[in-house]
Every structure is written in C-alpha cells, then in structure tokens.
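Student: I have a model to get through today. Can we go over it together?

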Amino acid sequence: MWNRREFLKGAALAGGVVALPGLSGCAMGSKARGHVVVVGGGFGGATVAKYLRMWSQMGVDVTLVERNPQFISCPISNLVIGGDKQMADITMSYDGLRNTWGVKVLQDTVTAVDAGARKVTLASGGVLSYDRLVLSPGIEFMYDQVPGLETEAARDTVLHAWKAGAQTVALRKQLEDMKDGGVYALSIPKAPYRCPPGPYERACLVANYLQKTKPKSKVLVLDANEEITSKKGLFTKAFEKYKGILEYRPNSELREVDAASRTAVLEFDKVKADVLNVVPPQRAGDIAAKSGIKLINNRWVDIDWLSFESVNTPGVHVIGDAIFPAPTMPKSGHMANQHAKVTAAAIINLLAGEAPSSTPLVMNTCYSFVDSKNVIHVSSVHLYDAAKKTVMPVQGAGGVSAAANELEGKYALSWARNIWADMLV
Amino acid sequence: MKLLRWTLAVGLIGAMGAVHAEEKADPNLARNLAATCANCHGTDGKAVAGSGAEALAGTDKAKLMQKLMDFRSGAKPATIMHQISKGYTEAQLELVAAYFAARK
Ligand SMILES: Cc1cc2nc3c(=O)[nH]c(=O)nc-3n(C[C@H](O)[C@H](O)[C@H](O)COP(=O)(O)OP(=O)(O)OC[C@H]3O[C@@H](n4cnc5c(N)ncnc54)[C@H](O)[C@@H]3O)c2cc1C
C-alpha cells in the first residue's frame, strides 16, 4: 500500500492532472471503513456482501446472516420441476464468500432490528452491531389472503414452490406421482409478485413434461391478472404449442382453497385438481416489513433510489424483491443483483463520508424456458431520473426475443452460471 | 481528507483553469456501469470458463467499442445486445469499454 499523503503530494508536484481520476478512484475504495451486516444470502444479499468487500479492497467488514446452510436458486428451479435439471444443479455453497472474499457468513435468522442502537438480534441469541445494515430478505407469502391454507398440513399439500428448496422437490414429486389424465392447476396472484414471467415458464415446463410422459393430463393456468403479465405475445405462442394440454384462464383470482380435495375456489367456479400449485400474494420479507421501516401499500419498502436506504430509517438499506419497485421494474434475481451493486457503491461512499453516485443505472433480463431447450427473454435498462427521484426505463432500449430459440436456451444457462458466480464466487 | 482534496483542487485550478474543477466527476462511474454487465459476462468481465459467455476483460477498447456500436446500429446481429447497448449513451459505453480493456 502506498502512503496516500505522499502519493498525493507527488501527484500534485507532477502537475496532478493526469493522476487525478485513478488516484481518487483508489482513495475512495480504500478510505471506507466500518461494519456492514447483510440479512439474507439470496440474489441481493450475496451480491452486496461480495461487492462491498471487493470494491472497498477488503476495507469494509461484512457479516452475512442467512438462515439456510446453502444457496438454492429460484432461477432454473422450474427446470427441476419439469424434470430437466436436478437440485444439485441449482444448489451452491457460501464458501466462496467466506474464503475468497472474507465475508463472515452466519447461518442464523435475524429476529429484530434496533435501528436507533444500530443492532440486530439473532435467533441463536447473539446481537450484532453495525454501521450500515442491508436487508435482502426476499418475500413473505400473504396466507391471510388465501383461506384454507392456514395449517402446515394444508401448505404441505398445496405447494407454492416459489422459494426454491424443499418445496421444489415436493412439487416435482407430486407431478411424478400424478396419474396420466390428471390435472395440474397453477394459481397466479395479481401483480406485483416475484418473477413476472416465472409462472408462465412453469406452466410451459410442466406441460412439456406431461406431454411427453402423461399425455392425457391437463395444465390449467388460473391467472388472477386480466392477461399474461410478461412476454405476452411469446407466451401466447408457446401456449399454442401445448394446445389440448394447457388451458389459460385470465381473471381467475383465487378466493379459497380446500386443501384436502385440492380444490381451488374462484369467484364463479371451483376447480378440482390432482396437483394444486398456489403462488400466494406476496409482500416484503418479515424482517423488513415488521421493523418499523416505512412500507408502501403495507407491502413493499419505500427506499431512496440513490442509496436504497429506507426513507424513514437511517442506516438501513433494503434491496431485491422486498422494495416497492420503480416504474416497470420487475422483481427478479437479475434486478436484485443490480440493486446490490448500486447499494454497495453507495455504502462505500457513505462510509467514506462521500455522497452516493448521482446517476445510478440498473438493467434487467429475464430468460424463460418454454420447453427443455427453447428460451425467450425480456430486457430493460433503467436510469435514475433526478426530477422524478426514481429510476425510469430508458426509452428505446430493451425488448423481447423475436421468437423462442435454442441459442438463447444456451445463453440462459450461461446467464445462470455467470450470475451465480457474480454473487457467490 | 477534506483539506487534501482542497489542496488537490487548488493544484488542478492552477494546472487547467477553474472551469473543470467545478464539475466533480464520479470517479467510480466506469466501474459501476461495467458492473451492470457482470450478470452475463462475469465479475469484472471475467466470464465463467466454459459458460459460453464472451469474456470482456482485457479486450482492446477500440474493438469493444466497435462491437458495441455495431450492436447499437444493428450491423452486428444479436439476440439481446442490440437491445441492451441502446440503454447506454455512447459516452457511457466508452467508459465501460475502457474499464474492461484495463482488466487483466
Ligand atoms: C420459479 C421462479 C423462477 C425464477 N426465475 C428467475 C429468472 O429466471 N431470472 C431472474 O432474474 N429471477 C428469477 N426469479 C426471481 C428471483 O428468484 C427473485 O427475484 C430473487 O430471488 C430476489 O432476490 P432477493 O435477494 O430479494 O431474495 P432471495 O433470493 O429470496 O433471498 C432472500 C434470502 O433471505 C433469507 N432470509 C430472509 N429473512 C431472513 C432473516 N430474517 N434472517 C436470515 N435470513 C433471512 C432467505 O432464507 C433467503 O435466502 C424466479 C423466481 C421463481 C420463484
């Protein structure tokens, strides 16, 4: 390490002009000191932990608290449900964060935030002090909106599989056990929910599996929305390929569930299924929603888009699915990763006594499989708008695939490997 | 540190005139913009080996710029880069290309 004062003096003597950009870049990174606690080791949390270490040149201490022992990816989990991939393909260790980046990873649950004292409480009994706190807890299901799913037994029968893990395995098992001629029904909540195209991808991949192995079966898509919420034209085409096996019903909001008979109760109709898969309505994860942090619509966290800091709770940054999104911004893993990078940069500046960047830019891509090989994408770029104080889509950028294609099937898997490495390795 | 920066700014004014010293450029802008590409091209443009993604790290800046501008104009066929590259100004792409070119 050079002595900064000497270096500056030398640079000034040498004229200063040429040396300035590189110099201040380094000085910024190495000046930040402090302890950041990150809650949640998913797409947002793992990324922010790594980038805080990397961009501060290991100057900022980071503790990551995650309740699960390993990372299990929601992206690609629909391929596990469809039988094209295994759980091992979507399961990764936190060792890279520990060993390469020196992040202290604790397998624990944060039960309370004391933002005044800058402390969090752990389920195991400990307390952690922080200079800055990042919450990336993902979503909580609003089971109160789905009568009939109050008990654990009901929830073990009527699965969501909208957090990858045991439920992914269980849903795959239900589909394997289903008889030929059975009905798989998927209930989609009103937007906004985690991963707008995710349910339609799942419907395609289940239909693909059933078409090949149990062709007398049916896939019934019960969508609370009035139309397909993402890549509508492309999914409509994909659904046509599954004609006879897949039926799409818009405006089909779930009112109630009878778990024992696997029946979905709609406004005017009752649908009895052999495998009933309900994605419940969602809100910010409990630790963000129940810590006095300001929410919008009682569901999503209200943040300052320059730093992702809560608008009413200084020192607490919230990223990923838990936040109230900017216009047209989806709740995706790709986007959570991008939130994380803006936040890491902002926190390093703040810890060094500097203002966050005034021009944050984020971009999104969601790839969806419509069968084992063919993929469609939607992409967008979003830039901070100082007048609107939010992040707005860049006009003329982004778009969707021309048609489902195999090349993007390869790119989608490549995306997964690179984003997993970007957050964990 | 404040004092140091002040000293530096004074030095700058002396060297290149007062006007430029007023605009405080974000020294991390290139790094931050380049990080938006990492989801697909790897951290700092170092793609996962065998993933099929093009590594950008260490590629000549002019070559990267040429490809990005060709994506933007449509001269270079693409599944997605034509849509992504239009989300960045030419100046932003210059910063990103220079950043990746400097990675080893
Ligand atoms: C089927 C499906 C397919 C998807 N496909 C894609 C896709 O192709 N591309 C894409 O970009 N996105 C996709 N997504 C969306 C993506 O998974 C989410 O947007 C992303 O996971 C959000 O990241 P996050 O960090 O907000 O939450 P998560 O990744 O869910 O991480 C939250 C973490 O916090 C932990 N946690 C929560 N509370 C606490 C606490 N109090 N203490 C300790 N730990 C806690 C949880 O255990 C969890 O690990 C898909 C989602 C689903 C369900």
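Tutor: Start with a term: a residue is near a molecule or strand if one of its heavy atoms lies within 4 Å of it. This is a predicted model, where local features need pLDDT of at least 70, side-chain atom pairs count only at pLDDT 80 or more, and totals for chains, interfaces and linings use all residues. Residues are numbered from 1 along each chain as its sequence is written, chains are lettered from A and ligands numbered from 1 in the order in which they are written, and side-chain values use heavy atoms, with hydrogens and water left out.

Student: Ok. How many residues surround the ligand, and which are the closest?

Tutor: The ligand is surrounded by 34 residues, and the closest are A:Glu66, A:Ser136, A:Arg194, A:Asp321 and A:His334. By class, 13 residues of this shell are nonpolar, 14 polar and seven charged. Here Ala, Val, Leu, Ile, Met, Phe, Trp, Tyr, Cys and Pro count as nonpolar, Asp, Glu, Lys and Arg as charged, and the others, Gly among them, as polar.

Student: Which element gives the most to the shell?

Tutor: H11(A) does, with three residues. Helix H3 (43-55), strand E2 (60-66), helix H4 (77-81) and helix H11 (333-351) of chain A each supply at least two. Helices (H or I, at least four residues) and strands (E, at least two) are DSSP runs, numbered from the N terminus.

Student: What lies 2.7 Å from an oxygen atom of the ligand?

Tutor: A polar side-chain atom of A:Glu66. A:Ser136 also has a polar side-chain atom by a ligand oxygen, at 2.8 Å. The protein buries 93% of the 1,000 Å² that the ligand exposes when taken alone; accessible areas come from the Shrake-Rupley method with a 1.4 Å probe, and for residues, only the protein chains shown count as cover.

Student: Changing topic. How many residues of chain B are in contact with chain A?

Tutor: On chain B, 38 residues are in contact with 47 residues of chain A, contact being heavy atoms within 4.5 Å. The two chains bury about 3,400 Å² between them, 61% of it on carbon and sulfur atoms. Buried area is the accessible area (1.4 Å probe) that two parts lose on being put together, summed over both.

Student: And how many salt bridges across that interface?

Tutor: Zero, by the rule used for chain B and chain A. A salt bridge is a side-chain nitrogen of Lys or Arg within 4 Å of a carboxyl oxygen of Asp or Glu. Over all chains the count comes to 21. One of them joins the side chains of A:Lys163 and A:Glu140 (3.9 Å, N to O).

Student: Where do those two residues lie?

Tutor: A:Lys163 is in the loop between helix H6 (152-157) and helix H7 (166-177) of chain A, and A:Glu140 is in strand E10 (residues 139-141) of chain A, so the pair ties together parts that are 23 residues apart in sequence.

Student: Last one. Which peptide bond is cis?

Tutor: The bond from A:Ala191 to A:Pro192, with omega near 0°. A:Pro192 is in the loop between strand E11 (183-188) and helix H8 (198-213) of chain A.

How values were computed
Polar contact = N/O pair within 3.5 Å; in protein donor to acceptor, adjacent residues only side chain to side chain.
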